[in-house]
Amino acid sequence: MDSVAQRLSSVGAGAALELRGVTRLFGALAALTDVTMTVRPGERRAVLGSNGAGKTTLFNCITGDFPPSSGTIRFFGEDVTHFPPYERIRRGLRRTYQISALFPGLTVQDNVYLACRGVSRGRFSFLRPGQNDALVHAAETLVQAVHLTGVKDQPVAELAHGQQRQLEIALALAGAPRFVLFDEPAAGLSPTERAELIEILTSLPAHIGYIIIEHDMDVALRVVESVTMMHNGRIFKEGLPQEIESDPEVQELYLGAGHE
Amino acid sequence: MSLAHDARVTVRPTAAVQRSKLRGWPEIDNPAAWTMAAILLIMPLIANGFFLIEIFATTLILGLMALSLMFLAGYGGMVSLMQLTIAGFSAYMVAVFGVSGNANISLGWPWWLAVPMALALATIFGTLGGALAVRTEGIYTIMITLAIGAAFYYFTNQNWAIFNGHTGINTVATPHFWGINWRSDIPFYYIVLAVAATCYFAVDYVARAPFGLALQGVRDNPRRMAALGFNVNAHRVAAYAFASFVAALAGVLQVWNYRQISPGSVSVGACIDVLIIAVVGGITRPIGPFIGALIFVLLRTFALDFLVKLGLDGNRFRLLIGLGFLAIVFWSSDGVIGLWQSWRRRQRSGAASSSGRHDRGSGQGSSHG
């Protein structure tokens, strides 16, 4: 595909994520049309838009769950458009799912351990990890970070919804993430849980950038520095949180008259 | 939220500690497992040759085939109906490469060359079949693997150059060395027991190793596994390779047991028997297939006499198996193991409520219900 020289030169471009003309068709339906956006390393951005605006499809194209019909996606300068999802993940991309995508038959600890194992060597190892296994410790630390230590040996199927949402985030933070896509992490959370979520997001190391899809503006606008508005599969507006919030067109389209 | 899960912690603190202690070798503190192991070891003192071979060795061999299916279905969520075919292929290869009464076909290699060859070829065969099957999900996996099984059955029936058609290959030689005939009842029983025990512990061990955990992750949510950096299909194919090796071992034992192999042993009906054995026993734990195999072999051996006594056709033993299968699937989502576990749970909750009054800690009496 790319020559080495091209790839090297694009490394200098310095974007964490660069989408050019990304279009995704489902049959005749265009879920995404000509989306072009650039996100700096460490940048935190919200993607807003009504249902069907193409937000989750955008995530699916970036991670490779559904490859784009046309356009290119670069991740830290590397063209990953035709990579399978696991190759993108191994390069530092992470995502969470709108509807928790966990492993209900395994314990919390094993869920997180798998996430740590997935981005390191020995995925096919037939040897059980020992007591001092680095990844076991990494998983324990991560379980603690999302306040799930108390339930770490419980099967995930037994967890409460809020705990499952926290685990969902833990899975996306395993290894050395460079960029995370959060798909409605606050869905179904109580106000207290939302506060905890905000705390988790704002305390992420500064080099980890993310895009967050979130309907709750109180959550979304408190944890990001830039906002992209989507409408009917296209980028409709980009700007700072306060600009977007006060934009009359945005209010008309998305927030509706009944907001607040 | 933190309040909620702090409360949960106090509910089962001992369970958590015990479970993490048990991560090394399972069942080491389980007296029932030790008793079972002891009985199996001294079986030749208790049982006569008929029981030793026709019941127990046969159970262990069928159990091994069902174990390979249990590994794929229970941990990987892939129902493969070709595990018996892989075992049969391995059995044929032992007969073809080794020594048999059909000198025009068998190459006459010594067993210690023929067996590794058979294991390798059968594992490759199963892995290639798996590579085809992993491109499909659910019922299509069942259909593809059934198609491979059916194709192999008809091929063995019609191919005379290698598989000797419907007569199969007879009087297959069995190993003799160190002055022992390893196919005589007692040595053969111990060989089968050793292989079955090794495979059982291997499956149990691998289930908690990264490979086995990842396989269970693939079963629960393949899309998420890809989003964690796993190559899902590569994992599935590797699972087929491992399971095929187990099935291939069973095939070697099978051909040594009967000293012959013919298309009847790899028929579509026999493929489905393996599925029934695994489901009746339970596919969530490696012990399940062996329980299922014991039930199957006992029914197959004794139902005939029982039915004849009732004045029915003895060949209707499959009717009994079918009814048992229906009953178990109806009352338990996980075969005999499932029934046993729910019975243990009832016992435990009964014991917990009575011991609560006497202030005795009952807790997790059995970690391996």
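## A helix lying over a sheet

Let's start in chain A, where helix H2 (residues 55-63) lies across strands E1 (17-26), E2 and E4, running at about 65 degrees to E2(A). Keep in mind that this is a predicted model.

What order do the strands of this open sheet follow? There are four of them in chain A, arranged E2-E1-E4-E5 with antiparallel pairing. Strand E2 (29-39) and strand E5 (78-79) of chain A sit at the edges with a single partner strand each, so one side of each has no neighbour in the sheet. As background, strands of a sheet pair through backbone hydrogen bonds, either parallel or antiparallel. Now look at the E5 end: strand E4 (residues 70-75) of chain A runs antiparallel to E5(A), and two bridges join them. If you want a spot to look for, A:Phe75 stands opposite A:Glu78 in E5(A).

Next up is helix H4 (108-118) of chain A. Is H4(A) enclosed or open? Buried residues account for 11 of its 11, so H4(A) is largely enclosed by the rest of the structure. Among the buried residues are A:Val112, A:Tyr113 and A:Leu114, but also A:Asp110 and A:Arg117.

What do these buried residues pack against? Within chain A, the buried residues of H4(A) pack against H3, helix H5 (134-145) and H6, and from chain B they meet helix H10 (210-220).

## Where the two chains meet

That brings us to the contact between the chains, in which 39 residues of chain A touch 31 residues of chain B. On the chain A side, helix H3 (85-90), H4(A), helix H6 (161-172) and helix H7 (191-202) each supply at least two residues. Which helix gives the largest share? That is H4(A), with six residues. Sorted by class, the side of chain A that touches chain B has 19 nonpolar, 10 polar and 10 charged residues.

## Chain B in outline

Over in chain B, you can find 16 helices and two strands. Of the 369 residues in chain B, 43% are buried.

## Two helix pairs in chain B

Two packed helices are described by the angle between their axes and the distance between the axes. Take helix H14 (residues 287-309) and helix H15 (residues 317-331) of chain B: they pack at an angle of about 125 degrees, with axes 8 Å apart. That angle makes H14(B) oblique to H15(B). The crossing of H14(B) past H15(B) is right-handed. From H14(B), B:Phe296, B:Leu299, B:Arg300, B:Ala303, B:Leu304 and B:Leu307 take part, meeting B:Phe317, B:Leu320 and B:Ile321 of H15(B). This contact has eight nonpolar residues, no polar ones and one charged.

For the other pair, look at helix H7 (residues 111-133) and helix H8 (residues 139-158) of chain B, which pack at about 145 degrees with their axes 9 Å apart. H7(B) also passes H8(B) in a right-handed crossing. Which residues make the contact? H7(B) brings B:Gly129, B:Leu132 and B:Ala133, while H8(B) brings B:Thr141, B:Ile144, B:Thr145 and B:Ile148. By class, the contact of H7(B) with H8(B) has four nonpolar, three polar and no charged residues.

Notes: Residues are numbered from 1 along each chain as its sequence is written. Chains are lettered from A and ligands numbered from 1 in the order in which they are written. This is a predicted model: local features need pLDDT of at least 70, side-chain atom pairs count only at pLDDT 80 or more; totals for chains, interfaces and linings use all residues. Axes are lines fitted to C-alpha atoms, for helices over the stretch in contact, and angles run from 0 to 180 degrees between N-to-C directions. Helices (H or I, at least four residues) and strands (E, at least two) are DSSP runs, numbered from the N terminus. Angles under 35 degrees count as roughly parallel, over 145 as roughly antiparallel, 65 to 115 as roughly perpendicular and the rest as oblique. A crossing is left-handed if the near helix is turned anticlockwise from the far one by less than a right angle, and right-handed if clockwise. Two residues are in contact if their C-beta atoms, placed from the backbone, lie within 7 Å. Ala, Val, Leu, Ile, Met, Phe, Trp, Tyr, Cys and Pro count as nonpolar, Asp, Glu, Lys and Arg as charged, and the others, Gly among them, as polar. Two strands pair if DSSP finds at least two bridges between them. A residue is buried if 20 or more other C-beta atoms lie within 10 Å of its own, exposed if 12 or fewer, and partly exposed in between; C-beta atoms are placed from the backbone.
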